[in-house]
Amino acid sequence: MYTTHFLPPAYTEVIKVQSDPSGWEEPTWSLPMSQDFMSTHGIKTTIFSVSASGVDVMTPEQGMTVSRQCNEYGAHLRDSSPSHNGFFAMVPNPSINLPATFSEIKYAFDILHADGVCLLKRYGKRAGYLGHSEYTPLWEDLNSRHAVVFVHLNHPADTELVNPALPSPLADYTHDSPST
């Protein structure tokens with residue numbers, strides 16, 4: 001089993017406009033490409049999750065809409081081949097709208113039967129790391145569900161690149177991660 005990023009149409013449309021502050025370009029993705037990779041490498045099962053920068057570069061309204069559309073797309077992929085595909089739910093930015101995050105978690109787990117949830121290590125313009133007390137209600141809710149939580153690295157609060165030739169995922173993600 002492995003996790004892989006998938007790029008649902010709803011997500012790619014927003015990212016084309018908003019752009020990823022990491023300096024990394026979104027790759028091309030398709031289900032056949034993913035299936036070919038799995039077959040070539042003898043992988044039987046994949047868990048799909050949306051990559052960084054996720055909802056962090058979206059308006060609150062976009063985050064709610066795109067999270068729902070990505071989760072429904074993930075459920076569709078899982079349902080098309082349940083013995084080979086699963087998905088981690090995407091949630092709206094909890095630092096902006098925690099009730100919307102709870103609503104999407106409820107929908108993703110109770111209706112779509114997500115395999116888990118993908119959270120970014122940090123949300124917002126400030127250093128809003130997941131270990132901060134403001135996220136305690138989120139962790140309590142996920143714990144009550146016995147949820148699998150996949151914490152995904154993302155750009156630091158300061159998105160200025162150290163070097164234009166060095167995208168943030170190659171250096172800043174790992175240096176910033178212990179802050180979570």
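This briefing walks through the main features of the chain, from the overall layout down to single residues.

The model is predicted, so local features need pLDDT of at least 70 and side-chain atom pairs count only at pLDDT 80 or more, while totals for chains, interfaces and linings use all residues. Residues are numbered from 1 along each chain as its sequence is written, and side-chain values use heavy atoms, with hydrogens and water left out. The chain holds six helices and seven strands; here helices (H or I, at least four residues) and strands (E, at least two) are DSSP runs, numbered from the N terminus.

**The chain as a whole**

- Reading from the N terminus, the elements follow one another as β-α-α-β-α-β-α-β-β-β-α-β-α.
- Of the 180 residues in the chain, 48% are buried. Buried means under 20% relative accessible area, exposed means over 50%, and partly exposed lies in between, using a 1.4 Å probe and protein chains only.
- Among the contacts with a separation of 6 or more, 76% are between residues 24 or more positions apart. A contact means heavy atoms within 4.5 Å.
- The chain has an accessible surface of about 9,000 Å², and 57% of it belongs to carbon and sulfur atoms. These areas come from the Shrake-Rupley method with a 1.4 Å probe; for residues, only the protein chains shown count as cover.

**The sheet**

- Five strands form an open sheet in the order β1-β2-β3-β4-β7, with parallel pairing. Two strands pair if DSSP finds at least two bridges between them.
- The edges are taken by β1 (2-5) and β7 (149-152); each has a single partner strand, so one side of each is left without a neighbour in the sheet.
- On average, neighbouring strands of this sheet are turned by 35° against each other, direction ignored.
- Strand β4 (residues 116-120) pairs with β7 in the parallel sense over four bridges, and C118 stands opposite F150 in β7.
- Helix α5 (residues 136-144) lies across β4 and β7 and runs at about 160° to β4. For such values, axes are lines fitted to C-alpha atoms, for helices over the stretch in contact, and angles run from 0 to 180 degrees between N-to-C directions.

- Within helix α2 (residues 31-40), the residues L31, S34 and M38 are buried. They cover an arc of only 65° around the axis, which puts them on the same side of α2. The arc is that of the directions from the helix axis to the C-beta atoms.
- The other side of α2 carries D36, S39 and T40, which are exposed.
- The buried residues of α2 pack against β1, β2 and α3 (60-80).
- Where α2 starts, a side-chain oxygen of S30 comes to within 3.1 Å of the backbone nitrogen of M33.
- Just after α2, G42 takes a positive phi of about 65°.

- T46 sits in strand β2 (residues 46-49) and counts as buried because its relative accessibility is 0%. Leaving aside residues up to four places away in sequence, T46 touches Y2, T3, T4, M38, H84, N85 and G86.
- E104 belongs to helix α4 (residues 98-111) and is buried, with a relative accessible area of 4%. Its side chain is joined to that of R68 by a polar contact of 2.9 Å. A polar contact is a pair of N or O atoms within 3.5 Å; within protein, one must be able to donate a hydrogen and the other to accept it, and residues adjacent in sequence count only if both atoms are side-chain atoms.
- Besides R68, E104 touches S67, N71, M90 and P92, again not counting residues up to four places away in sequence.
- A52 lies in the loop between β2 and α3 and counts as buried at 5% relative accessibility. A52 and E26 are 26 residues apart in sequence and 9.7 Å apart in space, C-alpha to C-alpha.

**Two histidines in loops**

- H113 has a positive phi of about 60° although it is not a glycine, and its place is in the loop between α4 and β4.
- H146, found in the loop between α5 and β7, has a positive phi of about 55° and is not a glycine either.
- With a relative accessible area of 72%, H146 is exposed.
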